[in-house]
Amino acid sequence: MQYVYNSNKGIFMSLDWITIALYVILIVWGWFSVCGACYDYNNPDVFSFDLNSGKQLIWIGTSLLLASALLMIEKKFYYNATTFIYIMMMLLLIVTIFIAPDTKGSRSWIPLGGGVKLQPAEFAKFAVALAIGKYMDRYGFNMSNLSQFFKVVGLFLLPMILIVGQKETGSALVYLSFFLVLYREGMTGSVLFAAFAFVVYFVVGIKFGDEFFEDMPVSIGEFWVLLLTLFFTIVLIGRYCKDKVVVRNLIVFAGGLELLAYLFSEFVIPFNVCVVQLIVNIGVVVYIGIQYAYTRTYKYILIMLFTILSTSVFYGCDYVFNHVLQDHQRTRIEVLLGKKDDIRGAGYNVNQAKIAIGSGGFAGKGFLKGTQTKLRYVPEQDTDFIFCTVGEEEGFLGSFGVLVFYLFFIWRLISLAERQPDVWGRVYGYSVVSIFLFHLFVNIGMVLGLTPVIGIPLPFFSYGGSSLWGFTLLLFIFLRMDAERNYKNR
Amino acid sequence: MLERRKFVIGGIALFVVLCYVIRLSYLQLAPNDYRKIAESNAIYNKIIYPSRGAIYDRKGRLLVFNQPAYDIMVITREAKDFDTLDLCETLHMTRQEFEQRLEDIKDLSKNPGYSSYTQQLFQAQISAADFSIFQEKMFRFNGFYVRERTGRQYKYPCAAHILGDVAEVSPTDIEQDDYYMAGDFIGKQGVERSYEKVLRGEKGVEVLLRDSRGKIQGHFQNGELDRKPKPGKDIFLSIDIELQMLGERLMQGKKGSIVAIEPSTGEVLCLVSSPTYNPRDLIGKNRGKKIMDMVNNPSRPMLNRAISGAYPPGSTFKPSQALTFLQEGIVSANGTYYPCNGGFRYKNSKLGCHAHTSPISLIPALATSCNGYFCWGLLNMFGNRSKYPTVQDAMTTWKDYMVSMGFGYKLGIDMPGEVRGMIPNADYYDEHLRRWNALTVISISIGQGEVTLTPLQIANQGATIANRGHYITPHVVKGIKGGAIADSLHKVHHTKVNPKYYDYIVSGMRSAVLTGTCKGAQNPWYEVCGKTGTAQNRGHDHSAFMGFAPKNNPQIAIAVYVENGGYGNAFGVPIGALMMEQYIRGELSPDSKVRASGIQHRSVN
């Protein structure tokens, strides 16, 4: 492809200064938070390079240099270099597994000497974003072509697996956010819906699996998972197959039967309603199978698959939970779901984080006046749990402000992505959006005790050169692409 | 079509942010305890203990001072992997005692403030010798620490009841005064208790920041909230420690009490209670055991008989009767004679007396301690229906006189444990006796029957007579360095008797020394006035003496009470005489020294 310059605006003029302003605001805000988090009572000089706040200044300075440099590199360079970058990045991830020393159980940090360490996982994201963008920009790419779809998925599943190999499950999970990009590019929403449904099953199943209804030998978790399965199945058929008769039959017969069973158990003779539900759900599967035989609509098969998987999830998640997850992951989930109240152990971090944020109140304790974070009651206080410092020192005003700025930042990026002249630019843009959104969702959710503790940084706030550089790289490649939006495809 | 999905993605972002804002407002805006929890996490109030005030006697001799003591502390969560046997040996305990102690520490009902993260008291106040051995080995005993504290030490092995002691606060102490925290010391008895607030000073505090590993990181708000400790104030007792020591020596092997008061000030010069104990015995880890031993000892050495023992005053009570009769006009000093032929006889009543001339007037009656005279006096008073409509009215009048002389109620000495003694009133007899008259209660006139006084009250009567009609609240603390004692301790109490009548009593008490029952108190240096008492008792009589000297311008008033000591002049008079001599002359004459050691070695079983 060739581009010609077709605008009287210079690159400088076409740059999206709003995004850059938001970037600078967030980075400066982040630096103040790092100051609060790593403050040392014996060394109150926040500019000291012995402290993370001082070092963070170096990372910020170098990031700004990196950003300026990236703005000089033309879009077409990446277009040509994408394959190379992707392959090199994957090799680096593989090499990391073998050469990285064990750091708190993970093998993702490569020491560069002088105490500086590099985490390649933070840099792989932009390579993947470039790669899937380029792949999907191909002429004739079609999302509903299963082989092409799975190739795209493979492009981000590969680094995900490699990073899991480095025992950095948290960073690996970030790659799931690319599904959001695929959704924007035409992947059926039912995939997101199914993912959502399975999360619900998992949470309900684990949390209420061993609790029982009053006076009935029925597991609350099992009952709801099976009922939700039926409900979601009916919703999917209504949405994608649009056969009102089938929907009506399912509601009347399957739903009615389960309702009858419940009422019988509640008012006549208590018995395990789930047995009836299980039989009904098997019946539903058979019924959908018959529908497929009549209509030959492959959607029925997919929905049937969903129903089967859903029904088995409750029985499966118990297995996954007890046999697949590692001990610390299991405890984290149990604590999050309130099944375990382990203030001294696994719940300690989350509890202390809540105390830090809660103690900030409306206006916060003031810059450098927080105690929870500085005195290390909150773990990882200047990296993963940096939002605690915001909450403690800047209170509700500050935390609310950070969230609002992030929301504008993400919305701005969405509109930039939408104005890209080609699929490549748009896919890359949405990759940036999805990655930031995922980090925001998981990091702040974990600090607030709403999502499991997954160790990923809050972009621009968490201390660390690798993550700051990684996010700067990701963002400014896109900003340069965006600045070239007025170049005309020749 | 697909472009519309940007709203879905933007909506997801909005939804996530909304959820988090709701969660944030729940955490930060709803009322909660997070701020308090954060502060209790981070803020460590380090208590700085002030030094406790010292105690001096009236001549400025140091009695009680501070000395370092060492407590062994344990953090149970750290206390593992060490040589238990070695530790037990160093601390002189058996393996069983060691296990038991650890269990007690962890038992929340016995140790409410238990936490496995903080130092808990393992053994209190080990000796300096044990401490130095322990300190050498301490690095091997994981989780064990030493806390240096300030304990008390006593210069003289006496005056235990007056000085009292300090020990760790009890849960009730903490409940009553939130100044105290578990492990603090508090005065338990004597002036250590009654002057606790003066002696203790005020604790200081350093508000420190403590990180999650327990390391101190600095002062909270740059030390703005820190408070310096205020040292406790020294106190000066009115006690003369030399006199006190002599008193304790003379009372050896006897039960009872000696109380001496400076009449002009109400200052208590000595307050002996026997048997007593060495205050040094209650220092250190054996305190609890020593106290249990004493509590179980039938002779009750812990009881401060001087203020907590109520005894029948016997004849030492007679001056108060004489004063009442004079003031009420029942008798006149020189004009009233009552018969006494070997005692008081009226209708069917009989009350024995010893041989003396008869009939007899007031002054010789006091000198010879004539029972008959005082019985007749009371009979005439209580039977005087023209003056008192009923016997109850007479009784009430009598009671008011007694109360005005400091009987029947606590005198208000600045020490814990004072009792009020017993002065019966009309209600009492109405309740306990169906019908009663002067004859029924006749024995109260000679200090028997229902009447009981504390040795302090008897001594105070001596002081009142010495002052010719008034007394000052007796007190053992003379002064506070940088402060003043309570005004109530300077209060002058006037009796209901005109001072002029006191001169007759003084004359009576003087002739008791010259010609009567107290001849043993006579001496060539100054004029002693005295009154013996022989209080009847189920077993042997109690030997009592009340006196003051010199007759004019008295310096000392004294009461001696020896349980089961027999006649008043058996123990009361000689002990009283020696005490007055010691105080007034500053030392005992050689003859007196011989007599003193004789008394010292005479026991009363």
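In what sense, parallel or antiparallel, do β11 (residues 256–262) and β20 (residues 556–562) of chain B pair, and over how many bridges? Select both strands: the pairing is antiparallel, over six bridges. Pairing here needs at least two DSSP bridges, and helices (H or I, at least four residues) and strands (E, at least two) are DSSP runs numbered from the N terminus.

Before moving on: this is a predicted model, where local features need pLDDT of at least 70, side-chain atom pairs count only at pLDDT 80 or more, and totals for chains, interfaces and linings use all residues. Residues count from 1 along each chain as its sequence is written, with chains lettered from A and ligands numbered from 1 in the order written.

Click Val259(B) and you'll find Ala559(B) of β20(B) opposite. Now widen the view to the open, antiparallel five-strand sheet of chain B, ordered β12-β11-β20-β19-β18. Its edges are β12 (267–274) and β18 (529–535), each with a single partner strand, so one side of each lacks a neighbour in the sheet.

Angles run from 0 to 180 degrees between N-to-C directions, with axes fitted to C-alpha atoms, for helices over the stretch in contact. Contact means C-beta atoms, placed from the backbone, within 7 Å.

Last stop, chain A: α4 (residues 75–99) and α5 (residues 121–136) pack at about 140 degrees, axes 9 Å apart. Residues making the contact include Tyr78(A) and Met89(A) of α4(A), and Phe123(A) and Leu130(A) of α5(A).

How values were computed. Two residues are in contact if their C-beta atoms, placed from the backbone, lie within 7 Å.
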